[in-house]
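Colleague: I would like to go through the labels in this model with you. Tell me what each one rests on.

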Amino acid sequence: VWGSWCVECRVEHPVLTRFAETRRLRVIGYNWQDEPADALRWLEQYGHPLWLVLAAVEGRRASDWGIYGAPETFLVDGAGIIRWKHVGPLTEAVVADKLIPALEQIEAAR
């Protein structure tokens, strides 16, 4: 979950980009409460590591996911079940200590 207006999204973007480049899974961006033109400019400026971008200008569906801010990160399995959620910017430590173990747990269950 990100927005061009989100300062912390800029902080996490290099971490997210490095993780996306591993191609271990598909990284989908949920652009929340943002103007599409602003989001596109942001991606052009900072890089576009996302497999797909979903846009929610008004963010009405955000509450269905429990979204209340940006950045937020969800790990969703192949059945669409949220297996892990992180509120705040991703850091290298969060990726290594929390995201990767959660992903490994999903992979081991296959």
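Colleague: Which residue is the bridge partner of Thr73 in β4?

Modeller: His86 is the partner of Thr73. One caution first. This is a predicted model, where local features need pLDDT of at least 70, side-chain atom pairs count only at pLDDT 80 or more, and totals for chains, interfaces and linings use all residues. Residues are numbered from 1 along each chain as its sequence is written, and side-chain values use heavy atoms, with hydrogens and water left out.

Colleague: What makes β3 and β4 a pair?

Modeller: Two strands pair if DSSP finds at least two bridges between them. Five bridges join β3 to β4 (residues 82-87), so the pair qualifies. The two strands run antiparallel. They form a hairpin with five residues between them. In the turn, Gly80 has a positive phi of about 85°. Strands here are DSSP runs of E with at least two residues, helices are runs of H or I with at least four, and both are numbered from the N terminus.

Colleague: How do β1 and β2 run, parallel or antiparallel?

Modeller: Parallel, with five bridges joining β1 to β2 (residues 52-56). Ile28 stands opposite Leu52 in β2.

Colleague: Why is β1 called largely enclosed?

Modeller: Four of its five residues are buried, so the rest of the structure largely encloses β1. Buried means under 20% relative accessible area, exposed over 50%, and partly exposed in between (1.4 Å probe, protein chains only).

Colleague: Why is Arg23 called exposed?

Modeller: Its relative accessible area is 73%, over the 50% cut-off, so Arg23 is exposed. Arg23 is found in the loop between α1 and β1. Its phi is positive, about 55°, although it is not a glycine.

Colleague: And what makes Gln33 partly exposed?

Modeller: A relative accessible area of 41%.

Colleague: How do you know that the bond between Ala70 and Pro71 is cis?

Modeller: Omega is about 0° there. Pro71 lies in the loop between α3 (62-65) and β3. Most peptide bonds are trans.

Colleague: Where is the kink in α4?

Modeller: At Leu99, with a bend of about 35°, shortly before Pro101. The bend at a residue is the angle between axes fitted to the seven residues ending there and the seven starting there. In α1, a kink of about 40° lies at His13, shortly before Pro14.

Colleague: What span does α4 reach, and what is expected?

Modeller: α4 has 17 residues and reaches 23 Å from first C-alpha to last, close to the expected 24 Å. The expected span is 1.5 Å times one less than the number of residues. α1, with 15 residues, reaches 22 Å, close to the 21 Å expected.

Colleague: Which residues lie nearest the centre of the largest pocket?

Modeller: Arg26, Val27, Ile28, Phe74 and Val76, out of 33 lining residues. A pocket is an open set of points on a 1 Å grid over the protein atoms alone, where a 1.4 Å probe fits, with protein on both sides within 12 Å along at least five of seven lines; lining residues have an atom within 4 Å of a point. α1 (7-21), β1 (28-32), β3 (72-76) and α4 (92-108) each supply at least two lining residues.
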